[in-house]
Amino acid sequence: MKMNTLDKPPYYIDVNTKLSSFWEGLNQGEFRTTKCKSCGSVHYPPRTLCPSCYSDQIEWVNLPLTGTVETYTHVDIPPPGFNGAFYLVAVRMDELDKTILGRYTGEEPKIGDRVTMAFEQMGEQAVYIFKAL
Ligand SMILES: [Zn+2]
């Protein structure tokens, strides 16, 4: 008797989802996210459905890599996989009405500093970090 006809659990998520363009963008040195073609909202993190008007008419856009430090903290005890202490900055991104977190390279930042995203390889995937402009 066959007990289970599912070959994948119901929560299985395929590699190369509709949001993989975000990760491809990082590999190409771009900060990419989604924009609603219907109402013009820019989303971050990227979405497949607009949270403002529920449209599925979504397009990918590249945003500027620059922003302004809103606040920061020093991480004395880094999580596994990180080499040594670092600064964690909250950056208000240009042309995005949101603040995002990222690791900062360099000396202690100051609130109001202008910063830019830079990219670091972690295996085959690039991730963004921030550095002073
Ligand atoms: Zn919308």
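Before reading any spacing I noted what a donor is: an N, O or S atom within 2.8 Å of the metal. I also kept in mind that the model is predicted.

Metal site. I looked up the zinc ion and found it coordinated by the SG atoms of Cys-36, Cys-39, Cys-50 and Cys-53, at 2.3 to 2.4 Å. Along the chain, these donors follow the spacing C-x2-C-x10-C-x2-C. I then asked which parts Cys-39 and Cys-50 tie together. Cys-39 lies in the loop between strand S1 (31-36) and strand S2 (42-43), while Cys-50 lies in the loop between S2 and strand S3 (58-63), so the pair ties together parts that are eleven residues apart in sequence.

Geometry. The four donor atoms around the zinc ion subtend angles of 103 to 115°, which makes the arrangement tetrahedral. For comparison I wrote down that the ideal angle for four tetrahedral donors is 109.5 degrees.

Aromatic rings. I found six aromatic pairs in the structure. One of them joins Phe-22 and Trp-23 edge-to-face, with 4.9 Å centre to centre and 85° between the planes. Phe-22 counts as buried at 7% relative accessibility, but Trp-23 is partly exposed at 44%.

Charge over a ring. Last, I looked up Arg-103, which lies over the face of Phe-86, at 5.8 Å from the ring centre.

Note on methods. Residues are numbered from 1 along each chain as its sequence is written. This is a predicted model: local features need pLDDT of at least 70, side-chain atom pairs count only at pLDDT 80 or more; totals for chains, interfaces and linings use all residues. Side-chain values use heavy atoms; hydrogens and water are left out. Donors are N, O and S atoms within 2.8 Å of the metal (3.2 Å for Na, K and Ca); water is not among the atoms, so sites may look incomplete. Four donors count as tetrahedral if all angles lie between 85 and 135 degrees; four count as square planar and six as octahedral if opposite donors are over 155 degrees apart and all others between 65 and 115; anything else is irregular. Helices (H or I, at least four residues) and strands (E, at least two) are DSSP runs, numbered from the N terminus. Rings of Phe, Tyr and Trp (its six-membered ring) pair if their centres lie within 6.5 Å; planes under 30 degrees apart count as stacked, over 60 as edge-to-face and the rest as tilted. Buried means under 20% relative accessible area, exposed over 50%, partly exposed in between (1.4 Å probe, protein chains only). A charge sits over a ring if NZ of Lys or CZ of Arg is within 6 Å of the ring centre and within 35 degrees of the ring normal.
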